[in-house]
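Hi there,

Here is the structure I promised to pass on.

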Amino acid sequence: MAFCDSDGAIYKHPAAIAAFRSGRRFVAVEQEELLPLPDGSTLYVLPERFPVEGRSFKPVSNFNGNKILAVAAFLSSGYLRTYLPAYVKNANAPLLSLWAYCGLVFAGDDFYVPAMRIDSDPRSDPALHRNDGELFKTIKAIRKEYPGNSLVKQLITCSTQYGCLCARNFFLSRYEAPVPTTRTCNALCLGCFSFQKDSGIHVSQYRLAKEPSPEEIAQVMLHHIERVDRAVVSFGQGCEGEPLMRAKDIAQAIKLVRKKTNRGTIHMNTNGSKPDALTMCIDAGLDSVRVSLNSPTEEYYTRYYRPKNYYFNDVLQSIALACKACIFVSLNLFFLPGFTDAESEVKNLFSFLDRFPVDMIQTRNLNIDPDYYLDTIGFVDEPALGIRNLLATVQGRYPDMRLGYYNPPKESF
Ligand code: SF4
């Protein structure tokens, strides 16, 4: 069992063994769930939360007379966690900030996590991003090339202040480039990174300061597409709201790009709330869309997204029309072990996928305090299949459906 002292130093407990958590249940650690902690992952102290011991499933609150705290891992991109950290909260425990907390244990003297590699695409490999010198050089050059472009300015902030790997990839001319465009949103997600109201949770990124014009958007898209093999340019990023709110301008930008080239994959990450707006973008030349969902169950969806002026059914309509238009359709499914793989959720997921046979499921670790999430959506505890079993069953039932983490380029559709 790993634990922290109050200064955040991590220790291996000499006697206690570790436990994990699935939903609200504590579970024993199975060796086949464990991977060495992936490069680029980070570790977190869980404030006012005590680690749970794996034989008794009881909290351990001190060691040698000193208070101890639970510890968790945040996995680098491309890895899906299969269990949560096991802890018991103090009455005064604050809400956890917006990270995806994964169990962490010692095996020998090394850190291990319950996780699986879900995508072999190297685009977020931390080793590729240890190149600040090169980044700053290209930022300088690109800033000079597009002196008045407010979107380039935003991407400089994203790559240097937020450490956004996608924005870094834009300046380094590789893989997928982000194209944030929109300040507003018609949802109020519990786990929104860029807007929080009355939750006490701090956002991880601010929404872009200025909405770029269709011409500025097209300039950035073309810059990337013309330089990169198998380029992907994506609307709908962490530093913005919902791109469908600006569908008219986005459609115009797509048309400007498509007038000049057929190269590159034009993609949108969206909440799928506005079917007509999505149609407008598809008609303009959108190649692929990824619709985010925390759950295929309407009540859990609505309690998480807190939609304004739209309904779950609009999201279903968007997915249906995108499938019908034969563009590449992904679900961005937010995984929380014990909830996503709970029996009733799995049943609903299969009915959903039978109805909407999307091309891909991107398995995303849900970044949120697990208790806050389960309490707010009103999930009552139930048996779970296990994340590995769920994914194996999905693969068996839908052999043509891709599982992964990143938006693929159209050359691989
Ligand atoms: S849909 Fe996206 S931008 Fe809108 S509230 Fe949810 S996470 Fe935030």
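Predicted model: local features only at pLDDT ≥ 70, side-chain atom pairs only at ≥ 80, totals over all residues.

**How the chain is divided**

The protein chain splits into domain 1, residues 2–117, and domain 2, residues 126–412. Their contact draws on 30 residues from domain 1 and 37 residues from domain 2. Taken over C-alpha atoms, the centres of the two domains are 29 Å apart.

**Where the domains meet**

Between them, domain 1 and domain 2 bury about 2,900 Å², and carbon and sulfur atoms give 54% of that area.

I count 6 salt bridges between the two domains. In a salt bridge elsewhere on your screen, the side chains of Arg 49 and Asp 369 come together at 3.1 Å, N to O. Polar contacts between domain 1 and domain 2 link 18 residue pairs, with both residues at pLDDT 80 or more.

Which elements of domain 1 give two or more residues to the side that touches domain 2? They are strand E3 (19–22), strand E11 (79–81), strand E13 (87–89) and strand E15 (110–117). E11 provides the largest share of that side, with 3 residues. By residue type, the side of domain 1 that touches domain 2 has 15 nonpolar, 6 polar and 9 charged residues.

**The sheet around E3**

Strand E3 is also part of an open sheet of 3 strands, ordered E4-E3-E12, with antiparallel pairing. Strand E4 (25–28) and strand E12 (84–85) are at the edges and each has a single partner strand, so one side of each has no neighbour in the sheet.

E3 and E4 run antiparallel and are joined by 4 bridges. To follow the pairing residue by residue, find Ser 22, which stands opposite Arg 25 in E4, and then Phe 20, which stands opposite Val 27 in E4. The hairpin of E3 and E4 has 2 residues between the strands, and in this hairpin Gly 23 takes a positive phi near 60°.

Happy to talk any of this through once you have had a look.

Best wishes

How values were computed: Residues numbered from 1 in each chain as written. Heavy atoms only, no water. Domains from an automatic or database assignment. Contact = heavy atoms within 4.5 Å. Buried area = accessible area lost by both parts, 1.4 Å probe. Salt bridge = Lys/Arg side-chain N within 4 Å of Asp/Glu carboxyl O. Polar contact = N/O pair within 3.5 Å; in protein donor to acceptor, adjacent residues only side chain to side chain. Nonpolar A, V, L, I, M, F, W, Y, C, P; charged D, E, K, R; others polar. Pairing = 2+ DSSP bridges.
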